[in-house]
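Here is a short report to read with the model open beside you. Take your time, and look up each named residue as you go.

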Amino acid sequence: MDALEIARWQFGITTVYHFMMVPLTIGLGLVVAIIQTIWYRTGKPEYLRMTKFWGKLFLINFIMGVATGIVQEFQFGMAWSEYSRFVGDVFGAPLALEALLAFFVESTFLGLWIFGWKQLKRGVHLACLWIAVIGSVFSAYFIIVANSWMQHPVGVEMVDGRPVMTDAWAVFTNNTALVAVPHTLFGALGVAGAFLLGIAWYHLWRRRHDGIDVVGKDGRLVPGEAAIPGRDKADYTVWMKSLRIGAVVAMISFAGTAVTGDLQGKLMFEQQPMKMAAAEAACHDGTGFSVLSVGNLGATNCDDIVAVIEVPGILSFLAKGDFTTEVKGVNSLLGEYKEKYGTHLPDNPLYGERAGQEIQYVPVMEVTYWGFRMMIGFGGIAAFAALLALWVTRKGVVPQSKWLMRLAVFGILAPFGANAAGWIFTEMGRQPFVVAPNPDMNGIDQVFMFTAAAVSPGVSAGELMTSLVVLTAIYAVLLVVEVKLLVKYIRGGVASAMPELAHAKDSNNHHDKNDDGNGPDKSGDDVLAFAY
Amino acid sequence: MELLPTIWFVAIAVLWTGYLFLEGFDLGVGMLMKLFARNNTDRRVLLNTIGPVWDGNEVWLLTAAGATFAAFPLWYASLFSALYLPLLCVLAALIFRAVAFEYRGKVDSERWRNRWDWAIAVGSFVAAFGIGAALALTTTGLPLNANGDRVGGPMSWFSGYALLGGFGVVAFAVVHALAFLALKTDGEVRHRARRWFVRLVPVAVVPMLGWMVAVQFLSGKPWTWALVAAAIVAVVLAWQLERAGSEGRAFGALGAFIVCATASIFGAAFPVVIPSTIDPGFNLTISNASSSDYTLGLMSIVAAVGLPLVIAYQSWTYWVFRRRVSAAHIPEAHGFLPAIAAKVLVSKEPGASSHQSSDQS
């Protein structure tokens, strides 16, 4: 592999990894904030328990997002210095604004939330969480504004060979971003929904399995009590409510991603027609949506691809909203791209060994075709499972089937898969460009950059390989640690996040514990309500 | 002189100053986890002084880097790609350190805690050293060609200045953390921190002073030389105040030292953002490395509103958590009783004690 390929693998691995933590942070943060708000308004102890339990898992995951996020900001400069030089005038601003307006808010107010259970008034404490969650949404917005500019550059003029921002409003209200932001946020909610659903299902199943809960004659559940701290009747309510919230959130997420995804698809047919043709492995102009295409999708020409099952009209509907308009296939687009952006990479030292090579305008179709279908498929499965879960548990009973329980737990992975597949599709489908040309504006279609020119010229393949190996190894180790900790705390149940449930006796010398739902005591004697 | 690039040069210097001032003490506390703390209670006292704030402090780094990207893309691109391997070490260090803070207390086992303590201590050291080295090199020079790319291979950035800056920030962070602990803790830790501070400060600021003076010799101006003198006065003052038992003022005086230090360094380097050691003609300066006035203007407006806001709510955080932490505040560590794994155990012996848990191993 040469420097460019290593740098691309590194960016792909670190970004997909980072984006496992991020949607869970955004989605779960929002859910925890809503639950704590309900607790604030009703004072019911089960909502405090839910806040503490889901909050604990939220934090275990949050820190991984923070830690891996720094890599993202640094590696533009480290591995992609030519890219940074080219786009800095317009791309740097949203990144800087993200740090200044979103990260500061997120980290500072989350610190206040974690440590402020007793120092802050209940309302202020809740507000801190909301502010942190809103910060994370803003952070998503700024990052997607930056990414959308790579997908669809707007608001710039070329000055001395570099795009220079001339219209910040256009950059920050890029239509690509305006649909991608809600799409991403709904996608994040889907992750949180499946997470709640799977874990709550497991606990409910386990309570029946352990003989704590039994099913009454009317088919309804009779919650019981066990000797273990925290496994009382209220515990049942915690999990059943979590399950329902999770299922509803998952379905809202699917509806939201479907609507925004449709809008996004229609935009992409205009903005990056090649990406969408490659998503369909559609070689020839037509109207049909491919359900199954076989052949050598990796080929750079279309000769080997056969659409086995095709639904006529659907592709046109996805692209244009009717059933008859012909959508351009790879073969006709190829000619247009060559005419507009050249057939060969310029003979410029920036392109290294690739200088003068023929440009491959067709993205890797195995990735785009299956990435697109995995995104939709995983999303759909998760939503359907959520609907089914709501129906099955309508009487408050989770079936005793071990396999159903396993399915619910492994179902947590589906929305993660959908999120990852969606981003891989989006980014790989944009190739060979790192900044895709914008075809719908006058003159601006000369603002584009080939990925081959973006990598740092001064950095050796050896250095890149070192960082690829080091980062991948660290990430793998930390993934194991994170998952182990999550599993430990999940199995621990609510008491794992509320030691006061388990250690009521011996911790009272420092604290008045408050499982009674009255919230932080105001004695002010506690320096540490939450101690590292 | 271009106004907006100058403003952004100053803004970035301010962000680095904020970073060194704030994360300075939490990096130092991290290193002291292994140098200073004697037992687990000490370590938890240390951690809880920075617990609510370290993440917010670290964002100063992200903002400094992001602002450099936005305001001086060529500076960002050249500096970060030239220092590829050292920055990789910084990234690895920051990752482990952040995760360690959060995960250290999550399993009640000596081995587990010890590992994460090392992650915090080494992570803090490497991060402080790497960032110090990077700042020293951007103010003293890197082997850059006409395109701003590093020549001479992966280690060609290395110079004595890198060591000066690296040790400068490390040693400053340690004494800054001692001043912070004297201010933020009570009991034995507080007194020991004061004693250590008084003993270490005269030595600990030497490498940072070396870096300051080196930059003055390369590109100093009378007013930046004056700042070096002011920094020396500030540190002597901090030393005297700590000896007199005035912990708050001593911390403030050491803060004044780092402000004078960064001001003298960046002031001397101005208007060059990275000197090229190959040919002064390849120097990156605020004029040839900056973004357009439009972008800088937009960012100026946002920063003028945003930065004071950040300072306001971060100050509020320090106010909320203003009370001193001492060993007496540290609750007992518990392994929790897993609701599920320990089920069999408990149902056999109902009162089986709660210190039994699966994570003692």
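## Before you start

Two strands are said to pair if DSSP finds at least two bridges between them. Helices (H or I, at least four residues) and strands (E, at least two) are DSSP runs, numbered from the N terminus.

This is a predicted model, in which local features need pLDDT of at least 70 and side-chain atom pairs count only at pLDDT 80 or more, while totals for chains, interfaces and linings use all residues. Residues are numbered from 1 along each chain as its sequence is written, and chains are lettered from A and ligands numbered from 1 in the order in which they are written.

Let us begin with strand S1 (residues 156–159) of chain A, which is joined to S2(A) by four bridges in an antiparallel arrangement. Within this pair, Glu157(A) has Val164(A) as its bridge partner, and Val159(A) is bridged to Arg162(A).

In the loop between S1 and S2 of chain A you will find Asp160(A). Is Asp160(A) buried or exposed? A residue is buried if 20 or more other C-beta atoms lie within 10 Å of its own, exposed if 12 or fewer, and partly exposed in between, with C-beta atoms placed from the backbone. Asp160(A) has 5 other C-beta atoms within 10 Å, so it is exposed.

Most residues other than glycine have a negative phi, and most peptide bonds are trans. Asp160(A) is not a glycine, yet its phi is positive, at about 50 degrees. Ala281(A), also not a glycine, has a positive phi of about 50 degrees. Its place is in the loop between helix H8 (273–280) and strand S5 (289–294) of chain A. Ala281(A) counts as buried because it has 24 C-beta neighbours inside 10 Å.

Which peptide bonds are cis? One of them runs from Gln431(A) to Pro432(A), with omega near 5 degrees. Pro432(A) sits in the loop between helix H13 (413–429) and strand S7 (433–435) of chain A. In chain B, a cis peptide bond joins Phe270(B) and Pro271(B), with omega about 0 degrees. Pro271(B) belongs to the loop between helix H11 (247–269) and strand S1 (272–274) of chain B.

## Two helices of chain A

Helix H1 (residues 3–42) of chain A has 40 residues. From its first C-alpha to its last, H1(A) reaches 58 Å, close to the 58 Å expected at 1.5 Å a residue; the expected span is 1.5 Å times one less than the number of residues. Just after H1(A) comes Gly43(A), with a positive phi of about 70 degrees.

Arg244(A) lies in helix H7 (residues 233–271) of chain A. This residue has 19 other C-beta atoms within 10 Å, so it is partly exposed. The C-alpha atoms of Arg244(A) and Ala386(A) are separated by 8.9 Å, although the two are 142 residues apart along the chain.

## Chain B as a whole

Chain B contains 13 helices and two strands. Its radius of gyration is 23 Å, close to the 21 Å that the globule rule gives for 361 residues, so chain B is as compact as a globular protein of that length. The radius is taken over C-alpha atoms, and the globule rule is 2.2 Å times the number of residues to the power 0.38. Of the 361 residues of chain B, 59% count as buried.

The predictor's confidence in each residue is called pLDDT, and it goes from 0 to 100. Chain A averages a pLDDT of 87, and 91% of the residues score at least 70. Over residues 505–530 of chain A, however, the pLDDT is below 50. Where pLDDT is low, the predicted coordinates should not be read in detail.

How values were computed: Two residues are in contact if their C-beta atoms, placed from the backbone, lie within 7 Å.
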